[in-house]
Structures are given as C-alpha cells and as structure tokens.
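I opened the notebook to record what I looked up, entry by entry. I took the chains in turn and kept to short notes.

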Amino acid sequence: MSTSVETIRDLAQQEYKWGFVTKIDEDRVPKGLNEDIVRVISARKGEPEFMLEWRLKALRHWQSLERKEAEPKWANITYGPIDYQDIVYYSAPKQKPALDSLESLDPEILRTYEKLGIPLEEQKRLAGVAVDAVFDSVSVATTFKGKLAEMGVIFCSFSEAVQKHPDLVRKYLGSVVPYTDNFFASLNAAVFTDGSFVYVPKGVRCPMELSTYFRINAAETGQFERTLIVADEGAYVSYLEGCTAPIRDENQLHAAVVELVALDNAQIKYSTVQNWYPGDKEGRGGIYNFVTKRGKCVGVNAKISWTQVETGSAITWKYPSCILQGDNSVGEFYSVALTNNRQQADTGTKMIHIGKNTRSTIVTKGISAGRGQNTYRGQVKIMKSATGARNYTQCDSLLIGEHCGAHTFPYIDVRNSTARMEHEASTSRIGENQLFYLRQRGLKTEEAVSMIVNGFCKTVFRELPMEFAVEAQKLLGVSLEGSVG
Amino acid sequence: MALLEIEDLHASVDGHEILKGVNLTLNAGEVHSIMGPNGSGKSTLAQVLARRETYAVTQGRVLYDGKDLLGMKPEEAACEGLFLAFQYPVEIPGIGNAYFLRTAMNAIRKYRGEDELDAMDFLPVFRERLKLLEMDDALMNRSVNEGFSGGEKKRNEILQMAMLEPKLAILDETDSGLDIDALRIVAHGVNAMRSRERAFLVITHYQRLLDFIVPDFVHVLVEGKIVRSGGPELALELEEKGYGWTEAQAQPA
C-alpha cells in the first residue's frame, strides 16, 4: 500500500488535539507522600474527622503494601519504577471557585473546557446532560444542579458531598472498593482530592445524563479522583465520564476509584470515553491509567452496566467489575480498547455471581495497531450460592499491521453446577482485501480503516448514549491515524 | 475519444509476469467481454485497472476518460467512475449495507464537488434498485456481505453498481457460482444499466453469461495477451471448439 503511506504519515504527525496546557496559578502541596501531606489535603478540603481517619488508615495500609513491594506486577504491561515521593498529590487552581456560580470561575478554566468542547454555561449545553468539571485535583463547576435537586437527585463534587451529605458518604464510601482493596485503591483512598458524587433517591429516574469531565493540567501531578454513585431502590441513572490531559514528556499517574451501589430494582449505566494523553510515537510521556472501578448490585433485580471506550493513556490497567449480590441482578461490561504506537492496555472485567439467577454479559473489542499491546483479562466467578447463574462472554481482537499484539486471559471459576457459561473469542486482522474493496468504492484508506474498525466495535457503541457514540467513533478515527501504511 | 485505451500493458504479481502486453480500446456505450482459460490473466487485468497496489505494472499505459489511469489510487479511479464488481466480494462486519453505500456515494460526490446525499434522498433510489435486483428490503440493514450466500453477494455487487452509476463497469466473473435464476436477475440488472454513456468490461470463463448479456465485442485472453477479437459469434465458436483452439493460435507462427 505504498501510495497511501505518505498521506498516512502526515496524519500520524497530527498532534494529540487535547494536548494544550492552561496557564493558571496553582495551589499545590509539596511533592511526596506522608501523613502530613494527607493531613494537609484533608485540611484544605475542610473535611470532617471521619474522612481524615479513613485517609490515614488507607495511607498506613498503602505504606505497608509498599514495604512489601506489593505494587501489582501480574498485568501484561511493562513500565519503569514509579517514585511515589516524586509526585504532587494536590494541585488546585489558586482562585477557589465558588461552587454554585460560574461567574467566579477563572475565565482561563472556562476557556479550557470550551476548547475541549465542553462548555460549562448551561445555556450552551445540550439540555439532556449535566456536567461536573474536575480540573486537576478539584471540581470546578457542576451544571444543572438546581434542576436535579427538584427531583431529589444529588449531583455534586465529592468535596461538596462530604460537607453537605456526610451521612451518605460515610455509609457508602469504601463499601464496594475498601481502602484495603489493592495497592492503587489504597493510594487513592489516602490522597484522593475530588471526583463526583451522585445519589438518586427511591423510585426516581434521573431525567438527564450526568457526566464528569476530568482534566489533568498541572505538571508532575497525579490525579486521584473518586466517584461514588448510589441508586436507591427503583432508581435509574446514566452517567458519562470523559478525560483528557496535556502533552508532557514525563509519565503522569492517574489512580482513580469508582464505586457504584445499586439497591433493589435500581439501574446504573456507566459510560467512559477515556482519552488521556497516550504518549508520543516512541512511547515518551503519557498517562498511567491505573483505575479500580467496581459496582455492587446490592439489591434484587438490580442492574449495573459498564461501557468503556479506552483510546488514550500510555498504560491502561483497569477492570470495571460487578458484584452480583442481589438475586436476579444483572451485570454488563462492554468495552472497546485501542492501543496504537507504544500504548499498552491490560483491561477487562470481573463478574462475581453471588445471588440466585444472576446474569452477566461481557463483550470486549480489542484493537491493536502500531506497536500497541492489548490484553483482555476477565474473571467470571460463580459462587456456591449463585444457583441458576448465567454468563455470556464474547471477546474479539483486531490487529492492524505486523508489530502489535493481542492477548486474552479469561479466568472462569464455577462452584455451582447449575451455572451456564458461554465464551466466544476471535482474532482477526484488517485485510488488504477489505481495504481495497472499500477504496474501490471510493473511500480513502483512513476512511476505510475507520469504517472497518467502527463495524468491529458496533455492538459496544450501540450501548453508548447517542452523543457519546458519535464522539467515540470520531475518537477512534483520530486515534488510528497513522496505523496503516 | 475512447473511454478506455490500454496499450502494451504488462503487469506482475510477486515477480511473476501475468499480463504480457495487452492492447484494448473501449468506447462509451459498448459492452466488451474478455474470455479465456484459467490463469490467463483475466482477473489480473481487472485488478490492475481498479488499481490494486499488490499488482505491479511494469510496462505500458492506460488512458481512462483521457486521464492516466495508472497514476491513480483505487479511490481516485472509483471516484472517476470506474467500478469493479468483485469475483470474491469482501465482508465488512458491523457495517450496514445502506450505510456503506451511502458513505461510498457521498465519498464520490464529495470528490466531484457535489452535495452529499441525506437519508431521505438516498432511500427511495436504494429501494428502487433493490427491486431491480429482486433483493429483499431486509438486506438494507444487514452487514455488507456478511452471511450472504454466493449468489446474494454477486447480486449485491450489481446493486452497488446500480447505485454508484459508473462510467466504466468491470464485472469479474460475476456469473461464477450463480444458478440460472440468479444469473438471469444479475444480467437483467446489467442490461438495465446499459446506456450510451457507459461501457462494460465483462470478464467470464463461460459463454453462458453472454446469452443474457450480449456483448458488442469478444476478446480472448491467453497467457497474458489478447489473441483474438471478434463479435458475439466468437464466444459461440469458443464454446464449441474450446480454449485449446485459441491457445494453438497464441503460439508464434
């Protein structure tokens, strides 16, 4: 395909479009991690005592893990040692924004979100989406709060939730991902700075999509946000999450935790389009995306559905999971993970079946291009109590070019003989014949690749809210530029 | 001016020369058929004309509508109105037929500086052409060629041709794998498309197709060269005497 090489090369040199830096005064703590830093973070946020205690317990646990060198090394990814004392754990725009007014927000930050295509002024937003904007370590704005409040829906930054709804936070924080869960989750619990909080009361169907837009701006900073979503009995909520970061030569750590709680008959739909800076073609820079996401179907007939489109980050380590505790509860995981250039992804899910007649569906699409390495890792566990449990897993890989890799590690653990398990897997390559066919019909090479990849991902994109699906398709096209030549 | 002028075309695949000096001229409004035994280079000719990059042109030139065809990329040739009905149509999972066709049409329209078609403009034409090819409406939303039978795939190629309305259509063994009913439907589709502005290059191994699509000229390709040209009666003669007869003539005197 020699004649298309040049166009493709030009496209490959297009920069990551979200890579700019916003110039703004930061209020940051010194580098390093110790009790003092945790106390400072908690104090800056004016947290109640129970939060500080929880953070300190987490810190001590993390320190014990670090002494034991318990940073997880089992994933199919390689990276140099991370110096946890060389990271800034709290950075906020200096001018503290008033939480209920955009007028007091630094216009630079407002412009940043405009540039990212996320205008924060409500009149410019699509009416159906409320946004919480998290800039470095703090939430800077949340839209449509008033309208949501009328229905009793709480949608605010985590910091605000700690102040205004301490009982809810206390009840559910760590109930799905305890601070002892794993190395990165412990780290997050000690130093997390903000994130979103959602509570949907009994019987309420949240009238709009809720979304959080995460932006890392400051250098040498880690982003450690924490999101907690609680859907009370019979409630429904759909939540979207997007993320970008500037281009920097050093790697930046992002260790987030997301906890979802679905009570009886509640439904939570959680969608992510992850587009952290992936590093350059040689693998310099980029975000280490080490994230723990888990949902718990506490009640009967509850449903939690994860949809993720992972195109960014130098390294992705993430397994959005479902604990299916309530009888008849349902867990779903739909994933598209794309690795180009030197990106690495080790991602998948865990479905833990505890209740009777629990069902889970896993559909993953891994796309590897350039020298990208893409691993699916999934666990389906049927506990003894889970009579009549069912799982369907479909796991497909698509290879573009000669130097990339696709790997699959499914773990299946069945302890109840009534379980029904299905597993399908495939690996394919974009063929020269497919490209030629589409080009013969008038499509340019990159349009042809994009069409084939979008077709491959269709069953996942179908699960995304409309607005996000369009964004995801475009993103995939951009992320693939330069992958064929 | 001729629509297609092939002069002394040589082409090779993986270092093996397959076309060894093809000369051929097509005018708009004409239907030419290329016949020949297996391995004579018929499909190679089709692929080279459609600009497949795995086929290397080593000598010769091709003018298409007055332009240098060999300097074009596949998508440029397509946008200039050259269409290849594939011998082995390719499956594109997850992409609906209608969406695919509309994207292709719009790529071509954009190249020509025309406005893009929206779904409302597209659908009525699409439905009408489906009817022409006696294809089910349900096909609209099925993925391109996925799970299609051999005959459905071939009909789908002709459907695409009918939608894209090319100036030059090359049919590469469209008859292979078709039963007699499907053959009749496909031929009907092609015949409905015949016009003064359009030329066809129909590549086939068997004379059977030419009972339904009657060509103006028949050429016999043997070992990478056209060894005989004539009217439709040449196809009948071939059917009777076999390719051995022309192969003998291919030997230098």
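In which strand of chain B is the place of B:G21? I found B:G21 in strand 2, residues 16-26 of chain B. I note at the start that this is a predicted model.

**Entry: B:G21**

I checked the cover on B:G21 next. Its relative accessibility is 11%, so B:G21 counts as buried, the cut-off being under 20%. I then listed its contacts, leaving out residues up to four places away in sequence. B:G21 touches B:D8, B:L9 and B:H10, and also B:G224 and B:K225. I also looked up a C-alpha distance. B:G21 and B:Q59 are 38 residues apart along the chain, and their C-alpha atoms are separated by 8.0 Å.

**Entry: helix 1 of chain B**

I went through helix 1 of chain B, residues 42-49, for burial. Seven of its eight residues are buried, and the helix is mostly covered. The buried ones are B:K42, B:T44, B:L45, B:A46, B:Q47, B:V48 and B:L49. After helix 1 of chain B comes B:R51, with a positive phi near 75 degrees.

Most residues other than glycine have a negative phi.

B:N145 is not a glycine, yet its phi is positive at about 60 degrees. I placed B:N145 in the loop between strand 8 (143-144) and helix 5 of chain B. Is B:N145 buried or exposed? Its relative accessibility is 0%, so B:N145 counts as buried.

B:E173 is also a residue other than glycine, and its phi is positive, near 45 degrees. I located B:E173 in the loop between strand 9 (168-172) and helix 6 (180-193) of chain B. B:E173 has a relative accessibility of 11% and counts as buried.

**Entry: helix 5 of chain B and its partners**

I turned to helix packing. Helix 4 of chain B spans residues 119-132, and helix 5 of chain B spans residues 150-164. Their axes are 10 Å apart, at an angle of about 135 degrees. Helix 4 and helix 5 of chain B are therefore oblique to each other. I logged their crossing as right-handed. Which residues meet between helix 4 of chain B and helix 5 of chain B? From helix 4 of chain B I listed B:F122, B:V125, B:F126, B:R129 and B:L130; from helix 5 of chain B, B:L159, B:A162 and B:M163. By class, this contact of helix 4 with helix 5 of chain B has seven nonpolar residues, no polar ones and one charged.

Helix 3 of chain B, residues 97-111, also packs with helix 5 of chain B. Here I read an angle of about 40 degrees, with the axes 10 Å apart. The crossing of helix 3 and helix 5 of chain B is right-handed. Helix 3 of chain B brings B:N97, B:F100, B:L101, B:A104, B:M105 and B:I108 to the contact, and helix 5 of chain B brings B:N156, B:L159, B:Q160, B:M163 and B:L164. I sorted the residues of this contact between helix 3 and helix 5 of chain B into eight nonpolar, three polar and no charged.

**Entry: chain A overall**

I moved to chain A. How many helices and strands are in chain A? I have twelve helices and 23 strands. Of the 485 residues in chain A, 61% are buried. I checked contacts in chain A between residues at least 6 apart in sequence: 83% of them join residues at least 24 apart. The accessible surface of chain A comes to about 18,200 Å², and carbon and sulfur atoms hold 48% of it.

**Entry: helices 2 and 3 of chain A**

Helix 2 (residues 35-44) and helix 3 (residues 49-67) of chain A pack at about 155 degrees, with their axes 10 Å apart. Helix 2 and helix 3 of chain A are therefore roughly antiparallel to each other. Their crossing is right-handed. A:E35, A:V38, A:R39, A:I41 and A:S42 in helix 2 of chain A meet A:L52, A:R55, A:L56, A:L59 and A:R60 in helix 3 of chain A. I counted five nonpolar, one polar and four charged residues in the contact of helix 2 with helix 3 of chain A.

**Entry: A:T292**

My last stop was A:T292, in strand 13 (residues 286-297) of chain A. A:T292 counts as buried, at 6% relative accessibility. Beyond neighbours within four places in sequence, its contacts include A:V177, A:D181, A:N182, A:A185 and A:W317.

Methods:
Residues numbered from 1 in each chain as written. Chains lettered and ligands numbered in written order. Predicted model: local features only at pLDDT ≥ 70, side-chain atom pairs only at ≥ 80, totals over all residues. Heavy atoms only, no water. Helix = DSSP H or I, 4+ residues; strand = E, 2+ residues; numbered from the N terminus. Buried < 20%, exposed > 50% of the residue type's maximum accessible area, 1.4 Å probe, protein only. Contact = heavy atoms within 4.5 Å. Areas by Shrake-Rupley, 256 points an atom, 1.4 Å probe, with all protein chains shown as cover. Axes fitted to C-alpha atoms, helices over the stretch in contact; angles between N-to-C directions. Parallel < 35°, antiparallel > 145°, perpendicular 65-115°, else oblique. Left-handed = near helix turned anticlockwise from the far one by under 90°. Nonpolar A, V, L, I, M, F, W, Y, C, P; charged D, E, K, R; others polar.
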